[in-house]
Amino acid sequence: MSDVKGAGMGGALGREAAERDAADVLRAKRAEFALADKVVYLDGNSLGALPGAVSARIADVIGREWGQLGIRSWTESGWWSAPERIGDRIGALVGAAPGQVVVGDSTSVNVFKAVVAAVRIAREQAPGRDEVLVDAATFPTDGYVAESAARMTGCHVRAVPAAELAGEAGPRTAAVLANHVDYRTGRLHDLPALTAAAHGAGARVVADLCHSAGALPVELDAWGVDFAVGCTYKYLNGGPGSPAYLHVRRELQPRFDSPLPGWNSHADPFAMSPAYAPAEGAARGRVGTPEILSLLALDTALDVWEGVSLADVRAKSLALTDFFLRCVEEYVPGGRVESVTPVAHAERGSQVALCCSGAGAVMEELIRRGVVGDFRPPDVLRFGFTPLYTGFADAERAARVLAEVLAEMPAEVPAP
């Protein structure tokens with residue numbers, strides 16, 4: 001410990017953390033989550049913590065709705081309408097008025113639906129558009145799906161740095177697939193400006209909100225975003241593998257031509273007609289039978305948002321990440337880590353990413369000592385700050401334990 005910068009450190013920053021936690025307007029929300037004792041959980045940007053009410057809800061869904069009511073629950077328990085009803089709850093968190101979000105399938109499947117539909121709509125006025133722009137540093141699956149969607153529609157994918165997407169959209173661009181927040185660095189991109197630029201070029205926008213929904217205010221209606229997709233197991237705490245969502249802007253819904261039509265998106269599903277006729281509204285984004293157990297777990301998980309202001313969430317997120325970076329600067333031996341998360345609030349999501357030699361081994365030891373984050377090869381430690389249950393004392397302890405781990409490890413740590 002004697003080699004740790006600022007040894008004997010817990011004092012001033014520890015006291016500040018306690019004071020800030022006491023004044024936190026969201027502090028009561030922490031009690032609504034099932035959090036392991038003596039563990040600092042900073043991986044909510046990968047898998048959110050369990051809201052405590054979910055266990056009882058799922059027990060009731062299995063034992064009563066499925067076990068006793070059986071098939072009657074499709075109507076009596078509201079299973080059939082759950083994708084749209086829960087979609088509206090998510091819509092309220094991403095600035096979308098009711099009737100524009102449907103829950104179901106995975107993020108990858110919804111990216112495919114959205115990109116193909118965006119290309120088809122863009123080509124209605126300009127059939128020659130044959131380009132899909134993608135962030136060069138996008139989450140890999142988004143890139144894979146974009147390539148497949150492009151092949152299906154006779155387009156090609158052009159990958160460019162996220163900061164250049166707006167300027168690169170042109171007369172050949174049909175769709176722009178963009179991440180609101182970079183999964184690796186936590187950088188927040190200017191989605192409103194990108195949307196305006198893409199529309200100015202006649203292109204359509206598909207936004208991936210996986211790392212922003214539930215972490216910061218999103219205003220899909222105000223920004224005019226055409227399509228948006230996102231998972232629900234990160235900041236929305238829906239549980240592992242919980243269904244994703246698809247947003248289709250209201251004005252585009254009559255023109256939304258899904259590449260995956262299914263009986264659940266038919267205008268009259270139980271007619272069992274051999275000819276497909278798409279449903280009206282967001283239901284057009286459905287495909288097959290809804291994932292009821294995980295869907296209803298998500299429904300209860302969303303209860304934690306009742307009475308929560310996203311402005312308060314954003315303010316706390318920025319305060320937490322600022323404070324964590326201060327603690328890292330104070331505690332961690334010089335030169336051992338470097339933040340790749342932007343300092344400017346307007347460019348930061350709700351995570352801090354630190355470049356660190358031997359990041360895999362470092363994170364493994366952090367987790368062993370009760371600080372749970374994750375890493376991305378080759379050298380990035382990721383710490384996700386979920387304002388509903390993460391406190392300032394958590395941030396201070398995480399930085400302190402990181403300093404202890406690095407002080408005990410050689411500067412050049414081999415990858416595990």
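Helix H12 buries Ala359, Gly360, Ala361, Val362, Met363, Glu365 and Leu366; buried means under 20% relative accessible area with a 1.4 Å probe, protein chains only. This is a predicted model, in which local features need pLDDT of at least 70, side-chain atom pairs count only at pLDDT 80 or more, and totals for chains, interfaces and linings use all residues. Residues are numbered from 1 along each chain as its sequence is written, and side-chain values use heavy atoms, without hydrogens and water.

**Exercise 1.** Find what the buried residues of H12 pack against.

*Solution.* Start with the count: 7 of the 10 residues of H12 (residues 359-368) are buried, so the helix is largely enclosed by the rest of the structure. Next, list the partners. They are strands E12 (351-356), E13 (371-372), E14 (374-376) and E15 (380-384), plus H13; contact means heavy atoms within 4.5 Å. Then look past the helix. Glycine 370 follows H12 and has a positive phi, near 95°.

**Exercise 2.** Describe how H11 packs with H13.

*Solution.* Take the geometry. H11 (residues 310-331) and H13 (residues 392-408) pack at about 30°, their axes 9 Å apart. That makes H11 roughly parallel to H13 (angles under 35 degrees). Their crossing is right-handed. Now the contact residues. By class, the contact holds 12 nonpolar, no polar and 2 charged residues.

**Exercise 3.** Which residues does isoleucine 86 touch, leaving out those up to four places away in sequence?

*Solution.* Isoleucine 86 touches Val103, Leu295, Leu296, Leu298, Asp299 and Leu302.

Definitions and conventions. Axes are lines fitted to C-alpha atoms, for helices over the stretch in contact, and angles run from 0 to 180 degrees between N-to-C directions. Helices (H or I, at least four residues) and strands (E, at least two) are DSSP runs, numbered from the N terminus. Angles under 35 degrees count as roughly parallel, over 145 as roughly antiparallel, 65 to 115 as roughly perpendicular and the rest as oblique. A crossing is left-handed if the near helix is turned anticlockwise from the far one by less than a right angle, and right-handed if clockwise. Ala, Val, Leu, Ile, Met, Phe, Trp, Tyr, Cys and Pro count as nonpolar, Asp, Glu, Lys and Arg as charged, and the others, Gly among them, as polar. Buried means under 20% relative accessible area, exposed over 50%, partly exposed in between (1.4 Å probe, protein chains only).
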